[in-house]
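Good morning, colleagues. Please turn to the sequence and the model on the screen, and I shall then take you through several of its residues.

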Amino acid sequence: MGRSFSRRGIVTAGAAGLAGAALPLMAEGTAAASPAVPPIDPFGPSRVFDVRRFGAKGDGVTIDSPAINRAIDAAAKADHRDGGPGGTVYLPPGTYASYSIRLKSNVALYIAHGATLLAAAPTATQGYDPAEPGAGNPYQDYGHSHWHNSLIWGEGLTNVTIFGPGVIDGKGLVSGGSKESQPLQGNKAIALRLCRNVLIQDVTMLNGGHFCILPTGVDNFRIDGLVIDTNRDGIDIDCCKNVRISNTMVNSPNDDAIVLKSSYALNQVRDTENVTIDNCLVSGFDLGTLYDGTYKRGKFGRTGRIKCGTEANGGFKNIAISNVVFDNCRGLALETVDGGHLEDITVSNITMRDVQMPFFLRLGSRMRGPSDLQIGTLRRVSISNVTVTGADPHYPSTIAGIPGHPIEDVRISDVRHLMVGGLTPGDAVQNPPELENAYPEPSMFGTLPAFGFFIRHADQVSIENVDVRYQQQDTRPAIVLRDVKRADFHHDKIDKAPDTPTFVLDSVDDFTVTTSRPVADVHLDHVDHKEL
């Protein structure tokens with residue numbers, strides 16, 4: 001009796017196992033099958049290609065990538081009477097030390113329970129595929145503009161799946177520095193360029209190099225049920241459309257967990273749009289302690305967040321983030337500093353514990369890209385149903401545009417926003433620098449002069465049904481607004497130290513507070529400076 005694959009994993013029928021009639025087809029000219037098992041008719045019922053039949057040892061020492069690539073080639077060439085080309089390449093239990101694995105269209109790579117695909121350390125004479133010559137450009141770093149120097153890569157493919165309960169361990173990958181661009185080195189676990197209809201499901205990924213998963217220009221892309229515990233970025237979605245990331249845990253203490261980008265890596269401006277991120281956990285525990293279940297915690301400053309931005313020559317449109325837990329990391333960052341338009345973003349049902357800056361919205365003018373790009377926009381953002389506890393007191397939530405380019409139309413509602421507190425005005429930078437062309441980070445302005453929200457260069461901001469609290473008394477004002485138009489605060493509850501203003505307003509137009517504590521209802525058409 002044969003084998004078949006369900007959506008969520010492998011299903012084995014019968015007791016014959018790998019010695020039965022459903023063994024994978026042999027590629028012509030590859031390693032010979034065991035004499036005890038006959039070759040399989042390529043037009044028979046099997047679509048499973050066991051890498052051991054192509055020479056893989058799975059002993060953790062032998063370099064098995066040539067055998068795995070032979071199995072992928074055979075699966076891609078197979079044409080079955082019952083449904084067309086393609087098949088599933090099967091890694092049974094074992095440890096498969098490998099260099100570059102080259103995906104093909106219409107092929108699934110299944111990593112079984114007990115199987116580990118291990119990125120091997122290069123030697124003086126063998127290693128990962130060379131990076132594409134001439135693929136880089138002056139606006140992107142090396143890792144973002146090369147794909148072939150990876151453990152698993154594919155380019156121009158359709159209908160590709162990587163799945164199974166096994167492990168991808170990028171132990172032999174480089175995670176940064178000048179070594180990334182040296183011959184034979186690999187710096188990404190999975191890299192995909194200009195592909196369509198891709199699914200990565202259920203695998204566990206460890207130590208993914210500079211990028212654990214880097215899809216660039218990949219459309220109709222799904223990630224579901226992954227566990228990622230890595231030393232740099234977890235998932236970078238760059239210039240992609242129609243993306244869903246769900247049911248996934250990403251621990252990345254030293255870099256971003258899930259980050260959306262719209263870089264110039266494809267030598268053109270291309271938006272990242274129609275993206276959902278739901279039912280996920282992002283964290284900054286010590287490396288490896290999500291995987292081993294010990295969850296060791298460091299202090300504030302761990303990364304591990306969800307972010308849009310950093311590389312943003314294109315833009316971000318139609319993004320929905322929901323049902324996500326942030327733990328011991330940075331908070332949500334929505335950034336555009338290279339000319340892209342970041343708009344129509346909805347964030348809901350979020351919990352954050354021990355984070356650095358819960359919400360960071362930044363429009364800047366770094367403008368790393370072609371000279372004809374204009375300063376971008378950040379508008380139409382809704383954040384609702386969020387609980388924040390134990391947030392770093394130095395960095396309250398921040399909405400920061402630049403002079404002449406305000407962030408527009410932001411609504412924050414139904415939020416419990418609890419900072420650690422305990423600071424004074426003397427601890428803060430009272431006039432934070434603009435840093436219009438700087439790299440965007442929550443800590444870029446220094447300790448801020450508010451304990452709850454710092455809002456500068458913004459137009460049409462609504463904060464409704466929000467608790468702005470501290471755990472220890474903080475004598476900074478709760479909310480500071482500078483160069484802000486059309487600001488509405490409704491039904492908010494705000495902590496207040498004695499003799500400390502709740503609001504400090506500088507150059508503010510059309511400001512309203514209603515049914516909020518401890519400030520009475522007020523409407524101000526314009527103020528140059530006022531404390532409430």
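Leaving aside its neighbours within four places in sequence, with which residues is I306 in contact? Please bear in mind throughout that the model is predicted. I306 contacts I258, I277, V282, I321, V324, F326, G331, L332 and A333. The residue belongs to strand 26. Its relative accessibility is 1%, and because buried means under 20%, I306 counts as buried. With V527 as a reference point, I306 is 221 residues away in sequence and 36 Å away in space, C-alpha to C-alpha.

Strand 26 leads us to a pocket. This strand, residues 306-312, provides three residues of the lining of the second largest pocket, the largest share of that lining. The lining comprises 16 residues in total, and those nearest the centre of the pocket are D233, D255, D256, K261 and Y439. By class, 11 of the lining residues are charged, three are polar and two are nonpolar. The space within the second largest pocket amounts to about 160 Å³.

Let me now step back to the chain as a whole. It contains 38 strands and one helix. Does the overall radius of gyration agree or disagree with that of a compact globule? For 532 residues, a compact globule would have a radius of gyration near 24 Å, and the chain, at 26 Å, agrees with this. The C-alpha trace spans about 90 × 50 × 45 Å along its principal axes. Of the 532 residues, 60% count as buried. The accessible surface comes to about 19,300 Å², and carbon and sulfur atoms account for 49% of that surface. As for contacts between residues at least 6 apart in sequence, 69% of them join residues at least 24 apart.

F453 has a relative accessible area of 1%, so it is buried. Which residues does F453 touch, apart from its neighbours within four places in sequence? They are F359, P396, S397, I412, H417, I463, V466, V468, A478, I479 and V480. P477 lies 24 residues from F453 along the chain, and the two C-alpha atoms are separated by 9.2 Å.

For contrast, consider R416, which lies in strand 33, residues 407-421. Is R416 buried or exposed? Its relative accessibility is 55%, and because the cut-off for exposed is over 50%, R416 counts as exposed. Beyond its neighbours within four places in sequence, R416 is in contact with V386, T387, V388 and D467. The C-alpha atoms of R416 and T88 are separated by 48 Å, and the two residues are 328 apart along the chain.

With a relative accessibility of 12%, Q185 counts as buried. Residues up to four places away in sequence are not counted here, and Q185 touches P122, Y128, N149, V174, K179 and E180.

Most residues other than glycine have a negative phi, and most peptide bonds are trans.

D202 has a phi near 75°, a positive value in a residue other than glycine. D202 sits in the loop between strand 16 (196-201) and strand 17 (204-206). Its relative accessible area is 17%, and this value is under 20%, so D202 is buried. N220 also has a positive phi, near 60°, and is likewise a residue other than glycine. Where does N220 lie? N220 is part of strand 19, residues 219-224. At 31% relative accessibility, N220 counts as partly exposed, because that category runs between the cut-offs of 20% and 50%.

The remaining site concerns a peptide bond. The bond from R517 to P518 is cis, with omega near 10°. P518 itself is located in the loop between strand 37 (503-514) and strand 38 (522-531).

That concludes my presentation, and I would welcome your questions.

Terms used
Residues numbered from 1 in each chain as written. Predicted model: local features only at pLDDT ≥ 70, side-chain atom pairs only at ≥ 80, totals over all residues. Heavy atoms only, no water. Helix = DSSP H or I, 4+ residues; strand = E, 2+ residues; numbered from the N terminus. Buried < 20%, exposed > 50% of the residue type's maximum accessible area, 1.4 Å probe, protein only. Contact = heavy atoms within 4.5 Å. 1 Å grid on protein atoms, 1.4 Å probe; cavity = no way out; pocket = protein on both sides within 12 Å on 5 of 7 lines; lining within 4 Å. Points joined across faces, edges and corners; volume = space filled by probe spheres on them. Nonpolar A, V, L, I, M, F, W, Y, C, P; charged D, E, K, R; others polar. Rg over C-alpha atoms; globule rule 2.2 N^0.38 Å. Areas by Shrake-Rupley, 256 points an atom, 1.4 Å probe, with all protein chains shown as cover.
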